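Subject: Structure handover

Hello,

Here is the structure for you to look at. My notes follow below it.

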Amino acid sequence: MTEKVNGIEIKSIDGIEGYQWQNWAQTHSCNPSRYFEPDNIEGLREIIYSAKENNKKIRVVGCGKSPNNIVCTSDYLISLKKFKKVLAIDEQKQTVKVESGITFTELNPILERKNLSVSILGSISDVSVGGAISVAVHGSGLKYSVVSNYVIELDLLTSSGDVIKCTKHENTELLHSVLCGLGAFGIILNVTLQVETLFYVHNFVQTVTLDDVIDDIYEYLESDYPKLYWFPHTDHVVVNHSNRIKNGRPTKFSYLERLTNWIVNYGIGYYALEFCYYISTYIPQLIPLINRTFFKIVYSKQEEVVDVSYKSFQLECLFKQYVNEWSIPVESTSLVLLQLRRFFETNKDVFAHFPIEIRFVKGDEIYMSPSFGRNSCYINIVNYKPYGRENDFRKYWEFFELTMKELGGRPHWAKIGSAKDYGQQLTGSDFIKMYGMFRPFLQIKKRVDPISMFSNSFIENIFRVKNDTSR
Ligand SMILES: Cc1cc2nc3c(=O)[nH]c(=O)nc-3n(C[C@H](O)[C@H](O)[C@H](O)COP(=O)(O)OP(=O)(O)OC[C@H]3O[C@@H](n4cnc5c(N)ncnc54)[C@H](O)[C@@H]3O)c2cc1C
């Protein structure tokens, strides 16, 4: 099949040379020696055989929404954007089998028409199912685990060209590895997800003080999908109490309300904010004032909204940004917040963009999931790039990462190293301490991909363990 990619005529399994790939956040890019967009499994196999013949590595890309260099390669890059079919929906068992390149944006309305829904999602739906499960995407709510945990079956195409089926009963250890496998085991072809009856979410937005949160964090964990946003350099926290309801009706906004919302959320909350943060790249001392002002104008109002499940999970992320997110045991949440506040109070030369996002995730048994074996709190900090400019956030990020690490933290796989040269340079020697199942994970990976075909510098770094005898 012949078609055009970036204006160049290609046969889908021949790939193209000279393709420049960039992630969505425009923070990482690469020049793969060949870029492919195959549309069937035979095409994928041919690419694998060609890689072997030419001594090339392979990376797979879903939607490129990971903020770090997890996808980047100078060898072969395969996009799965043509693997989008819904293969089966079982309404009785409430399962859906899809090709791994389909995005949740495409899948959600299909499920809705069958009165079905996913139980949880991250803040954006425009991510592929394969990409989301490979890095254990999470939403928020102690009753709900990472998205990977809703996978009941998947098919993996390995470097030998074989397809391995992994289920809760067959190749279970491999399933527990591939579910946060970072693209290092092979190409996930098909995924069967456990879904449920469609539901609605009632979201009540309230503002509280940081002291309220620190004093009794558990009070804020009671709703189904709680999310907290702290405005650093202020005492303000916006709390989303989101609860499931069966027969809701999405809130309808009048024309005037929609116009007002647009002016407040976009006109002020995006365009004016970007301009102000841009000015602050020259005068960083303005950041606390900007945070306070935008909290008052845009975020201090109480709100109640009902929406269909998957739409209620969404958050519009407008800014290109660096992000840094770690999970810690939920019990340590207040301690981290206290330490961060003290850090801002005592380091007057440190300035932080808002929000500091605080979410919660149920523990799981996926070997490399940041929620492995414990209920977790995920804390995400940001640094925007207004009109492409940056301020110095090194001291802030280093403090944050050290604090999280000391409290048993584990970094989000898609976000670690999102800002080059900032923060901790972690390797396998660190991960071995963080993850009880790291060694079995390495061994299973070695068995399934003995030639390390699905690797890049990101993966090599993760698997670099000092004095490791298992390799
Ligand atoms: C604005 C924004 C908001 C976000 N919000 C959240 C959030 O709320 N929660 C959260 O946890 N994360 C969040 N993220 C991170 C993002 O959701 C994840 O990085 C997600 O995995 C990206 O999916 P993708 O399809 O873009 O995957 P990619 O970034 O393309 O790939 C991710 C990894 O998966 C591998 N991969 C992809 N497809 C396959 C496959 N079929 N087989 C094998 N390996 C594969 C790739 O090789 C790579 O290692 C956010 C990111 C952005 C940009």
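Which residue in E17 does valine 208 stand opposite? Valine 208 faces valine 237 there.

First, the ground rules. This is a predicted model: local features need pLDDT of at least 70, side-chain atom pairs count only at pLDDT 80 or more, and totals for chains, interfaces and linings use all residues. Residue numbers start from 1 along each chain, as its sequence is written. Helices (H or I, at least four residues) and strands (E, at least two) are DSSP runs, numbered from the N terminus.

Strand E15 (residues 200-209) pairs with E17 in the antiparallel sense, over 10 bridges. Pairing here requires that DSSP finds at least two bridges between two strands. E15 is also joined to strand E18 (residues 303-308) by 6 bridges, again antiparallel. Valine 201 has aspartate 307 as its bridge partner in E18.

These strands belong to an open sheet of 8 strands. The order is E18-E15-E17-E16-E20-E21-E19-E22, with antiparallel pairing. E18 and strand E22 (410-411) are the edges; each has a single partner strand, so one side of each lacks a neighbour in the sheet. At the E22 end, 2 bridges join E22 to strand E19 (residues 321-329), and the two run antiparallel. Serine 327 has arginine 410 as its bridge partner in E22.

The five-strand sheet

A second open sheet has 5 strands, in the order E8-E9-E13-E11-E12. Its pairing is antiparallel. Strand E8 (86-90) and strand E12 (163-167) are the edge strands, each pairing on one side only. Neighbouring strands are turned by 10° against each other on average, direction ignored. Strand E11 (residues 151-157) and strand E13 (residues 187-194) run antiparallel and share 6 bridges. Aspartate 155 has asparagine 190 as its bridge partner in E13.

Buried means 20 or more other C-beta atoms within 10 Å of the residue's own; exposed means 12 or fewer, and partly exposed lies in between, with C-beta atoms placed from the backbone. The arc is taken over the directions from the helix axis to the C-beta atoms.

H6 and H7 pack at about 175°, with axes 11 Å apart. Axes are lines fitted to C-alpha atoms, for helices over the stretch in contact, and angles run from 0 to 180 degrees between N-to-C directions. That makes the two helices roughly antiparallel (over 145 degrees; under 35 is roughly parallel, 65 to 115 roughly perpendicular, the rest oblique). Among the contact residues are Leu273 and Cys276 of H6, and Ile290 and Phe294 of H7. Contact means C-beta atoms, placed from the backbone, within 7 Å.

Helix H2

In helix H2 (residues 104-113), the buried residues are Phe104, Leu107, Asn108 and Leu111. They cover an arc of only 105° around the axis, which puts them on the same side of H2. They pack against strand E9 (95-99), strand E10 (116-117) and helix H8 (309-313). Asparagine 115 follows H2 and has a positive phi, near 60°.

Glycine 15

Glycine 15 sits in the loop between strand E2 (8-11) and strand E3 (21-22). Glycine 15 is buried, with 22 other C-beta atoms within 10 Å.

Best wishes

Note on methods: Two residues are in contact if their C-beta atoms, placed from the backbone, lie within 7 Å.
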